[in-house]
Amino acid sequence: MSTSDKTALVAGASRGLGLAMAEELHRRGWSVIATVRRPGVAALEALAGRPRNGSAASMEIETLDIADAASVRALGQRLQGRRLDLVIANAGITNSNVQDRMMEVADEEYARMLLTNALGPARLLEHLAASVPPSGVLAAMSSVLGSLRENVAGIWPAYASSKAALNMLLRDLAGGAGRGRAVVAMAPGWVRTEMGGPDAALSVAESIPLVIDELERIGWHPGLHYLNYDGRRLEW
């Protein structure tokens, strides 16, 4: 099946990594469903409904609040009957001071991170899993910081623990609703975005094409995968 016959859903596509992934997939000829919390993302609207490279590929925009279970259910109802070859749950927020010790992290900040970074993506992938064929991929944007083996410095503790929670929920998904499909915890690297900051090692243009390369490659490889943007398999 060519990419022009495939559909990807990118949740959290209003800016940063999510927007870049939606644009990259569309550039490659995928039909893309990009979700935003609020309409009005000019870069997506400019592509919406336009064919790409003479194919039937298109950009559709849907509304979704990944931290709201009712919003996730509503999206699933609107997409009922659609085949989704790739679902990317892109969500990542952090606390106001990433170097805070846990005694300094506000209760509401940590609860918001767990909901947005772990529970919300897991709910979305679980809810849409039945729309993904065996050749398809269920992916969430994780981080090397979520690895118990590789985050040896213990940096960004609150954020890192939310990504470790996401990894655990993806393990459960791979043995449950996502069984028979590739389930991927994808680490995009430290990227210069609003959250990553200006000192990050990678530009969006250096990270995202490689991320999409890996997600395209991993189809037809069912089971759980924890991958770095450059294809390296990460330690859990």
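Reader: Is the crossing of α1 and α6 left-handed or right-handed?

Author: This is a predicted model, in which local features need pLDDT of at least 70 and side-chain atom pairs count only at pLDDT 80 or more, while totals for chains, interfaces and linings use all residues. Residues are numbered from 1 along each chain as its sequence is written, and side-chain values use heavy atoms, with hydrogens and water left out. Helices are DSSP runs (H or I, at least four residues) numbered from the N terminus. With the near helix turned from the far one by less than a right angle, anticlockwise counts as left-handed and clockwise as right-handed, and the crossing of α1 and α6 is right-handed.

Reader: Which class of angle do α1 and α6 make?

Author: The axes, lines fitted to C-alpha atoms over the stretch in contact, with angles from 0 to 180 degrees between N-to-C directions, cross at roughly 55 degrees and come within 10 Å for α1 (residues 16–27) and α6 (residues 204–217). Under 35 degrees is roughly parallel, over 145 roughly antiparallel, 65 to 115 roughly perpendicular and the rest oblique; therefore α1 lies against α6 in a way that counts as oblique.

Reader: Which residues of α6 make the contact with α1?

Author: Contact means heavy atoms within 4.5 Å. On the α1 side, the contact is made by L17, A20, M21, E24 and L25. Their partners in α6 are V204, I208, P209, V211 and I212.

Reader: Which class of angle do α4 and α5 make?

Author: Helix α4 (residues 107–128) packs with helix α5 (residues 157–175) at about 20 degrees, their axes 9 Å apart. That angle is why α4 and α5 count as roughly parallel.

Methods. Helices (H or I, at least four residues) and strands (E, at least two) are DSSP runs, numbered from the N terminus.
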